[in-house]
Amino acid sequence: MPAILRGLALGAAATVFSVGAAHASLVVSQAVSASTIAVGERTRLTITISNSDTQEDNASLTNTLPPQLRFYPAGHPGHVAPTSTCAGAAINLGAGPGGVDRLEVTGFSIPPHVGGVDGSCTISVDLTSYDGGGTWDNVINAGDLAPAAV
């Protein structure tokens, strides 16, 4: 039975938040390449950070996956390495509390709003599920993104 990654493709897990006056207004959204996958199949999670103010430097993002979702193993067919268009991003795929997979991205810059266009950058990673027959939401909370004052 397939696993349904509800909320990701529909944008329901998007988080919108504004930080203090010295910081930019940021919007974090996410999408997957396939919202329904069979056990062991791969989908690509892309997290987009949009910025409607000045550039933010030395930002960090932490995303703890729900326990039913895992990073797609590097040796499996079709695997694509994690990528980012955020300048300076260091991507770490590790374990979080309770052994669940956690994405940590540090030291990156979020481009500024220029000429009427919001700046944005993306972080992408492959996911899979080894639990069938369920629906799971990947949630990114406002506190999972830490922008630095400019």
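Predicted model: local features only at pLDDT ≥ 70, side-chain atom pairs only at ≥ 80, totals over all residues.

Trainee: Which residue does the disulfide join to Cys86, and which parts of the chain does the pair tie together?

Mentor: The structure holds one disulfide, with an S to S distance of 2.1 Å. Cys86 lies in the loop between strand E8 (83-84) and strand E9 (90-95), so the pair ties this loop to a part 35 residues apart in sequence, in strand E11.

Trainee: What is the handedness of the disulfide?

Mentor: Both of its cysteines, Cys86 and Cys121, are buried. The torsion about their S-S bond is about 90°, so the disulfide is right-handed.

Trainee: Is Ser124 buried or exposed?

Mentor: Ser124 is found in strand E11 (residues 119-129). Its relative accessible area is 8%, and the cut-off for buried is under 20%. Ser124 is therefore buried.

Trainee: With which residue does the side chain of Ser124 form a polar contact of 3.0 Å?

Mentor: Beyond four places in sequence, Ser124 touches Arg44, Leu45, Thr46, Pro82 and Thr83. The polar contact of 3.0 Å joins its side chain to that of Thr46.

Trainee: How far apart in space are Glu41 and Tyr72, C-alpha to C-alpha?

Mentor: Glu41 lies in the loop between strand E4 (36-37) and strand E5 (43-51). Leaving aside neighbours within four places in sequence, its contacts are Tyr72, Leu127, Thr128 and Ser129. Glu41 and Tyr72 are 31 residues apart in sequence, and their C-alpha to C-alpha distance is 8.3 Å.

Technical notes:
Residues numbered from 1 in each chain as written. Heavy atoms only, no water. Helix = DSSP H or I, 4+ residues; strand = E, 2+ residues; numbered from the N terminus. Buried < 20%, exposed > 50% of the residue type's maximum accessible area, 1.4 Å probe, protein only. Polar contact = N/O pair within 3.5 Å; in protein donor to acceptor, adjacent residues only side chain to side chain. Contact = heavy atoms within 4.5 Å. Disulfide = S-S within 2.5 Å.
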